[in-house]
Amino acid sequence: MILKTLEALGPLHGFGIARRIEQVSEAVLKLNEGTVYTSLLRLQQQGWIAADWGTSENNRKAKFYSITKSGLKQLARETTDWEQISGVIGRVLRLEGQK
Amino acid sequence: MVMSAFRKMMAKARGLFGIPEKNADFETEIEDHLHMLVNRYIQQGMTPEDAHQAARRQFGNTTSLRERRREMQTVATIDTFGRDLRYSVRVLRRNRAFTGAVVLTLALGIGATTAIFSVYDAVLLKPLPYADPEHIVMLWEKKAPPSGSLDWVAAANFVDWRAQTNSFSDMAALGGANFILTGHGEPARLAGATVSSSFFRLLGIRMELGRNFLDEEDRLGKDFVAILSYSAWQNRLSGKPEVLGTTVTLNDLSYTVVGVLPPDFELVTNTSRNQPDVWVPSAQHIDMQKLSRGSHPFRVFARIKPDVPFNRMQAELDIIATNLSSLYPENNKGKGITAVSLHKQVIQNVRMPLTALLGGVGLLLLIACANVANLLLSRAAARRKEMAVRLALGASRRRLAQQLLTESLLLSLLGGATGLLLASAAIQILGRYLPADLPRLSALAIDLRVLAFTALISLATGILFGLAPLFQSRRRNANETLKQNARVVGGVQAGLRNALVVAQIAIALVLLTGAGLLAKSFWNLLHVSPGFRTEHVLTARVTLPASRYPDVERIAAFQSDVLERVRNLPGIQSAGLTAYLPLSGITNSWSFVIEGRPPLPVGTSNVADYRPVSPGYFETIGIPLVRGRGFTSADSESAPRVVVINESMRRKHWGDEDPIGRRLSFEGLPRTIVGIVGDVHHQSLDGETKAEMYAPFTQIPNTERRPTIVVRTSIDPGAVAAGLRDAVSGIDKALPLDQVETMEQFVSTAVSEPRFRTLLLVAFSILALVIASVGIYGVMNYLVSLQIREFGIRLAIGATQGDLLRGVLRRATVLIVAGLCLGLLGSAMLARAITDLLYGVSALDPLTFVAVSLLLAAVALLASYIPARRATRVDPLTTLRYE
């Protein structure tokens with residue numbers, strides 16, 4: 001989800017990512033926002049995102065995260081995986097429905 | 001997958017070193033985030049306090065976030081390992097008696113194992129100290145069937161093999177020689193070797209100084225050359241590099257020194273005591289091709305070409321053997337050629353006893369492990385509550401396991417380190433008592449390989465005994481443990497403990513049986529009547545150089561002269577000379593023909609061991625004369641030739657007939673049998689006695705330049721050594737006397753290897769007995785202490801002390817009997833495996849089996865009796881007050 005956000009909106013800081021997720025999931029996913037940072041760290045360790053210091057909209061120093069090439073690849077992989085799985089589940093559910 | 005794991009690892013590694021700076025970054029990041037959330041809520045109209053609270057709620061637990069981050073960025077195991085280690089050190093220091101007991105037990109086990117392994121490694125495992133040693137083989141003449149035994153090689157055969165084979169890049173002969181070095185202080189005998197010029201090249205040895213032999217030096221000539229061993233150069237000569245090009249006088253001939261071997265050079269086919277000091281080209285004095293094919297003075301080394309497989313090489317040798325057999329039937333008929341890899345050759349006689357020793361010490365280590373596991377189990381019981389509290393406070397089981405394993409590893413490493421100290425001390429002592437016939441002992445040391453081995457077994461033992469309490473803590477529920485008072489004997493735990501005790505008894509029994517069998521064999525060996533009397537006999541060897549003693553007359557004159565002088569020394573009862581002392585490892589067989597019997601088929605012959613001796617030899621060494629007479633000074637060169645045979649020879653060739661007065665011939669000379677003497681164990685005490693014939697020195701055609709003087713004394717034999725030396729130098733100042741030993745020392749050297757292995761195995765088994773009984777004691781003691789309350793109640797309601805005692809002992813007996821049954825099975829298997837090491841004892845010797853079982857049972861019962869007594873002394877009131 002973070003990858004998708006970064007792909008769509010370009011470099012963002014942690015607060016921005018949290019807002020975006022809140023917005024997209026329409027508050028369905030109510031998590032502690034702090035966990036975003038754990039995920040960010042994990043993604044960073046995988047090399048899928050990179051971090052850089054920049055200035056935020058209210059002129060404070062903030063860490064901006066952006067997606068990397070291998071992150072894009074991973075996103076594509078996960079998207080296809082997800083589509084396949086959801087496709088399969090969808091078909092199964094439809095079969096159930098036809099019965 | 002691999003890549004991402006690697007990246008994670010790298011990130012963690014970075015985290016390990018750069019935490020402080022990054023932490024600060026992270027803190028600002030969190031702070032900013034919270035700040036922005038607060039601002040947003042304030043904008044939505046909240047009071048600042050409410051906004052703060054809401055923001056915190058939305059963000060979540062910052063502490064746990066920091067923790068998670070830390071865990072992700074650091075190598076968690078290393079970090080916690082450090083913590084576990086500190087904690088373990090604290091626990092172990094608090095519990096000194098426990099730690100001491102465990103470390104000592106382990107140190108004994110690991111130390112003994114390390115010491116034996118270092119011997120095993122030096123002798124059996126280390127690659128030979130030559131270039132590409134796996135391509136070096138030794139070639140042997142294989143006698144015609146049915147004997148089929150391997151023999152050294154005739155010079156002419158070696159020359160033919162070398163010329164005709166294609167499988168080898170090089171082939172070299174090695175023969176023995178004796179040199180007397182004069183002109184450098186006292187005349188000294190130096191062990192020598194004659195070799196083909198390519199010998200050192202074949203082995204891949206580079207000289208410390210100077211050069212190898214040249215091929216043109218390996219033929220008949222006048223300019224003699226020699227290569228010296230490092231120790232001869234250092235101890236006998238100047239030890240200075242100028243020695244190159246100078247001449248040394250050996251056997252009254254001048255040899256130019258062309259090279260000095262490196263200090264670590266070792267001829268692995270010889271024992272450490274038997275390393276040659278002087279090396280000369282073998283063809284310098286003799287024409288190899290003209291030497292008889294019936295005499296076998298050479299060992300042959302060869303290097304197989306890298307691309308030639310072993311079976312092709314052997315096939316080629318078979319063809320050559322067939323050719324030589326038809327070309328020279330009188331000596332080569334039916335003979336084969338056998339190649340044996342040098343490594344196999346070196347270790348073949350010692351592999352079995354050393355493996356048995358290593359196995360024995362391994363069993364000892366297992367017993368020690370079982371004991372330590374038991375100790376840890378007792379302690380785990382005491383720490384149950386601690387563990388339960390930690391579990392309840394949220395420690396994961398994995399973390400607890402990690403902690404326990406850290407503790408046991410720490411213990412095992414401490415034990416290993418102490419064991420290493422013990423081992424290095426043991427090696428010092430072992431070095432002195434190691435049997436003389438073990439090869440390659442110069443490689444014996446605690447080196448990296450041994451260190452690695454010790455580290456490995458320490459870790460392995462740590463894991464092995466560390467697993468026991470772990471296995472237990474898995475099955476326990478924190479809740480239950482916290483509720484219960486430690487008063488019930490846990491079923492699982494008792495089971496595991498009992499199993500450990502049974503295993504200890506079984507292993508101890510296996511060791512004891514092995515030791516018992518070996519000890520009985522050794523006892524038998526010592527009580528073999530060797531055929532001669534060892535007490536009050538002194539022996540010494542002289543070497544007569546060909547330059548001053550060129551012929552039989554000169555040698556005979558020296559011999560009668562020396563006997564004359566020696567017999568007049570004070571304290572001497574009698575004296576004699578022999579060419580080959582029994583148990584010296586030297587022997588020689590000759591074929592003979594009995595007169596008046598039909599000729600044997602071509603290629604077969606009667607063979608007996610042949611020993612030239614002087615008058616007085618039989619009575620001096622104590623070989624009994626059965627019939628007829630021994631030799632006297634009347635049996636001179638010009639007198640009719642005579643021979644004395646032994647009982648075995650009489651039985652084998654004459655049966656019920658009386659051989660005295662009959663005639664036989666060997667070396668082409670007919671002789672009359674004048675006497676029969678008793679049999680002697682010549683080869684080894686545990687071997688069969690063989691047919692032997694004796695002839696007087698004066699009547700043999702070939703010269704014997706290295707006779708042994710044997711004297712029987714009425715005083716302490718050691719006291720006449722100086723007189724013996726004076727007597728010899730009174731005749732010829734330049735004659736050195738060496739190997740001055742009493743016959744008792746001589747025989748003791750001959751049994752040094754079986755004595756060594758027996759002593760060690762007995763020591764191991766005693767140690768095993770002690771450790772195992774301590775183990776039984778510990779377990780019974782523990783069981784009794786758990787049941788104290790029960791005993792108190794039972795006493796209170798009318799049980800007698802005898803009832804309780806019997807109850808405890810019954811439990812112990814069940815364990816002991818189970819252990820003995822298992823142990824007997826194991827012992828039977830072991831006994832079969834070591835059958836070759838036994839002498840005069842059947843592998844399943846009932847006496848030994850019963851005796852060691854009873855011994856072990858008695859000791860084990862005693863060990864459990866002490867805690868059982870404690871059970872009966874319980875005061876019911878005191879125990880009940882514990883409640």
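**Helix packing and cores**

Reply: H23(B) and H24(B) pack with their axes 12 Å apart and at an angle of about 150°, where axes are lines fitted to C-alpha atoms, for helices over the stretch in contact, and angles run from 0 to 180 degrees between N-to-C directions. This is a predicted model in which local features need pLDDT of at least 70 and side-chain atom pairs count only at pLDDT 80 or more, while totals for chains, interfaces and linings use all residues. Residues are numbered from 1 along each chain as its sequence is written, and chains are lettered from A and ligands numbered from 1 in the order in which they are written.

Me: Why is H23(B) called roughly antiparallel to H24(B)?

Reply: Angles under 35 degrees count as roughly parallel, over 145 as roughly antiparallel, 65 to 115 as roughly perpendicular and the rest as oblique; the angle here is about 150°, and therefore H23(B) is roughly antiparallel to H24(B). The contact, meaning C-beta atoms, placed from the backbone, within 7 Å, is made by Met780(B), Val784(B), Phe791(B) and Arg794(B) of H23(B) with Leu804(B), Val808(B) and Ala812(B) of H24(B).

Me: What makes H23(B) roughly parallel to H25(B)?

Reply: These two helices pack at an angle of about 25°, with their axes 8 Å apart, so that H23(B) counts as roughly parallel to H25(B). Among the residues that meet there are Ile776(B) and Tyr777(B) in H23(B), and Val859(B) and Ala863(B) in H25(B).

Me: What makes a set of residues a nonpolar core, and how many residues has the largest one?

Reply: The term covers buried Ala, Val, Leu, Ile, Met, Phe, Trp, Tyr and Cys residues joined through C-beta atoms within 7 Å, a residue being buried if 20 or more other C-beta atoms lie within 10 Å of its own, exposed if 12 or fewer, and partly exposed in between. The largest such core has 95 residues, and those with the most contacts inside it include Leu364(B), Leu511(B) and Ala768(B). H12(B) gives the largest share of this core, 17 residues. Leu511(B) touches, among others, Leu364(B), Phe764(B) and Ala768(B), leaving out residues up to four places away in sequence.

Me: How do you know what confidence chain A has?

Reply: The predictor's confidence in each residue is pLDDT, from 0 to 100; its mean for chain A is 74, and 83% of the residues of chain A reach 70 or more. Within that chain, confidence is lowest in helix H1 (residues 2–9), at a mean of 72, and highest in helix H4 (residues 69–98), at 79.

Key. Helices (H or I, at least four residues) and strands (E, at least two) are DSSP runs, numbered from the N terminus. Two residues are in contact if their C-beta atoms, placed from the backbone, lie within 7 Å.
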